[in-house]
Amino acid sequence: MKIPRTVIPVMALALVVGTAGCGAKTGAKAGADGTPSTSCVDTSGDSVKIGFLDSLSGTMAISEKTVNDSLNLAAQEINAAGGVKGKKLQIVTEDGASEPKTFAEKATKLIQSDCVAAVFGGWTSSSRKAMLPVFEANNALLFYPVQYEGLESSKNIFYTGATTNQQIVPAIDYLASQGKKSLFLVGSDYVFPRTANKIIKAYAKSKGIEIKGEEYAPLGYTDFSTIVNKVSAAKADAVFNTLNGDSNVAFFKQYKNVGLTAQQMPVVSVSIAEEEVGGVGIENLKGQLTAWNYYQTIDSPQNVKFVKAFKAKYGAKRVTSDPMEAAYTSLYLWKAMVEKAGSFNVAAVQKAAGGVTFKAPEGTVKVNGDNHHVAKTALIGRIGDDGLIHTVWKSPAPIEPDPYLKGYVWAKGLAK
Amino acid sequence: MSGVAGQLFAGLSLGSILLLAALGLSLTFGQMGVINMAHGEFVMAGAFTAYVVQQVISDAGVSLLLSIPLGFVVGGLLGVLLEATLIRRMYHRPMDTLLVTFGVSLILQQVARDVFGAPSVAVAAPAWLSGSLRLGTVELPVGRLFILGLAAVCVAALAVCMRYTVLGRRLRATVQNRDLAETLGISTRRSDRTTFFIGSGLAGVAGVALTLVGSTSPTLGTGYIVDAFLVVVAGGIGQIKGTVLAAFGLGLLQATLEYSTTASIAKVLVFIAVVAFLQVRPNGIYAVRSRSLA
């Protein structure tokens, strides 16, 4: 009876680890059954189909549902104003289920059987990477609304969130302008924080900012005593935070409890938006900084209208955040591209895309025809008592997207 | 801040959290031999109890103090429900228990997600538990001190209950020799249920304490279940003092290794250390000597 008792828990652990690793095993067969060389999009009627592909179930649903909401708002507004080229948008919604393979499959379905003119959605980089070959093989269009780690550019994808030189680089510029001479990097242990920190380190070096430490916590890690002790002992001027999800809660609680404040050592976060503030707790985040391209508090007629319409449709307690705004904007950008091209044809839209602008809630954005990213204004914000984020600094002009950081001497060699 | 003293406290603090999470498991798994994969979800239920209580009573201090006994009851009742409906049908069938309770843990997570939503909710800490005490050069977060104290109280209460009360004697008798206990007129069914109530209740208390540390979300428990099993196995099955020693040992080890390496590496090293330790002492720090014939 003694030996089995110590063996069983090992099996229990194996079970936990094993199930965490596996998901739905269904073969993605992008374009397997006779990829149509010509598009099957039907524009003969008075409506045109578009696809919304977001995770409506699984771990990412919490974030991607909000993007789906704002896409639906944009579609409703566009239809109310007469549609695109006089055709009403007919929406086909698919659930990516937080599973990259499902994203690839559903994208194939949307393109080949539903014959949609364009697809909007995706959140994690892994979902985007899974969909990329599908869109390239079928020569279809994807509009991806989330800030990401850069180093990618496809003629079949339009990236309406920020790339690194529109979010991370300006954040370092801001800290330098505030006289911060040293940084401590804290992040979750996966691709985005590691790539972001590589860029931060290269840029900091060129600006003479010292990196006092770099710590990664496993995803879902909850005990930040040691990491916060290291941060506190390093006495850096500021902390750059790329932690993901719930780890932020544990990190900021511990940060506050050992007596560190936004005044003496501010934390700049790139994954805390309006949606996340409530869960972390306003009292733990008050005064801390964020780097994005949109905040709910932006005082422009476009944003006031957007926020008002969103709250009217989904409830007064809802907030709007950067990825939601980028998704909303992406639908309008596609509309502008189609109208400029005078056609729903993919090649024509791609050709017309460069230079297309839209007066978005975040300010005027402009599509870059070469890399299919969008010129955006960088905003540094401070989290206020109201749980909203208030702009404290903005880049003087929209920043041209540079996903491979080609225009920066210090970034030489990073892209490979 | 002095590094060594700061890390010493970080280790003790982590140890006290591990201890709270593992203490209940040392009863249900350690004493009764039930592998309850849903133990982590009882911890989660305790955390959400604290959240619900705070929605009703807005004073963070009062609601926290009230949540501790309530969390115990909620966790305990969930445990009894699970024991009475499923686990008692499969004593001595550890593999079945493992799979069934794993299923239950997934169900409980989804229930929490449906009721409270997938995003984590905020439980405010009372003012007297935020901030820190300065001891020499070291900042001791008051919230962490509170958890250390709570863990000590829980261990002491459990020890007194098991050692000095009639209830505790019956529980121990049932564990040590079920047949003999039955011939002496002890209702072993009732003992099992009581043990499960206390063990699961302690998980609920751990959940309340964890709202001071991290996020309150439906997946809260999954982060602790593996560590809790690790502590109980390393401490030795069926020994509370073993669990206490193992919890603080692993806490200090994790904190020390994490300071000199990184969080990910430290976790790997701790696992390796426990596996290596079990090669030397397969039954953990304290091995129980049972007179049971089984």
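How many bridges join β11(A) to strand β12 of chain A? The count is 4, and the two strands run antiparallel. This is a predicted model.

- Strand β12 of chain A covers residues 363–367.
- Within this pairing, A:Thr357 stands opposite A:Lys366 in β12(A).

**Where chain A meets chain B**

- Chain A gives 41 residues to the contact, and chain B gives 46 residues.
- On the chain A side, several elements each supply at least two residues, including the helices α1 (2–21) and α2 (61–80) and the strand β7 (210–217).
- The helices α7 (225–234), α8 (247–257) and α9 (274–280) of chain A also each supply at least two.
- The largest share of that side is 10 residues, and it comes from α1(A).
- By class, the side of chain A that touches chain B has 19 nonpolar, 12 polar and 10 charged residues.

**Helices α2 and α4 of chain B**

- Helix α2 spans residues 39–56 and helix α4 spans residues 94–116 of chain B.
- Their axes come within 9 Å and cross at roughly 20 degrees.
- Angles under 35 degrees count as roughly parallel, so α2(B) is roughly parallel to α4(B).
- The crossing of α2(B) past α4(B) is left-handed.
- From α2(B), B:Gly40, B:Glu41, B:Met44 and B:Phe48 take part, and their partners in α4(B) include B:Leu108 and B:Phe116.
- This contact has 5 nonpolar, 3 polar and 1 charged residues.

**Helices α1 and α10 of chain B**

- Helix α1 (residues 3–31) and helix α10 (residues 240–260) of chain B pack at an angle of about 145 degrees.
- Their axes are 7 Å apart.
- α1(B) and α10(B) make a right-handed crossing.
- Among the residues that meet here are B:Leu14, B:Gly15 and B:Leu18 in α1(B), and B:Phe248, B:Gly251 and B:Tyr259 in α10(B).
- The contact of α1(B) with α10(B) has 15 nonpolar and 9 polar residues, and no charged ones.

Conventions. Residues numbered from 1 in each chain as written. Chains lettered and ligands numbered in written order. Predicted model: local features only at pLDDT ≥ 70, side-chain atom pairs only at ≥ 80, totals over all residues. Contact = placed C-beta atoms within 7 Å. Nonpolar A, V, L, I, M, F, W, Y, C, P; charged D, E, K, R; others polar. Axes fitted to C-alpha atoms, helices over the stretch in contact; angles between N-to-C directions. Parallel < 35°, antiparallel > 145°, perpendicular 65-115°, else oblique. Left-handed = near helix turned anticlockwise from the far one by under 90°. Pairing = 2+ DSSP bridges.
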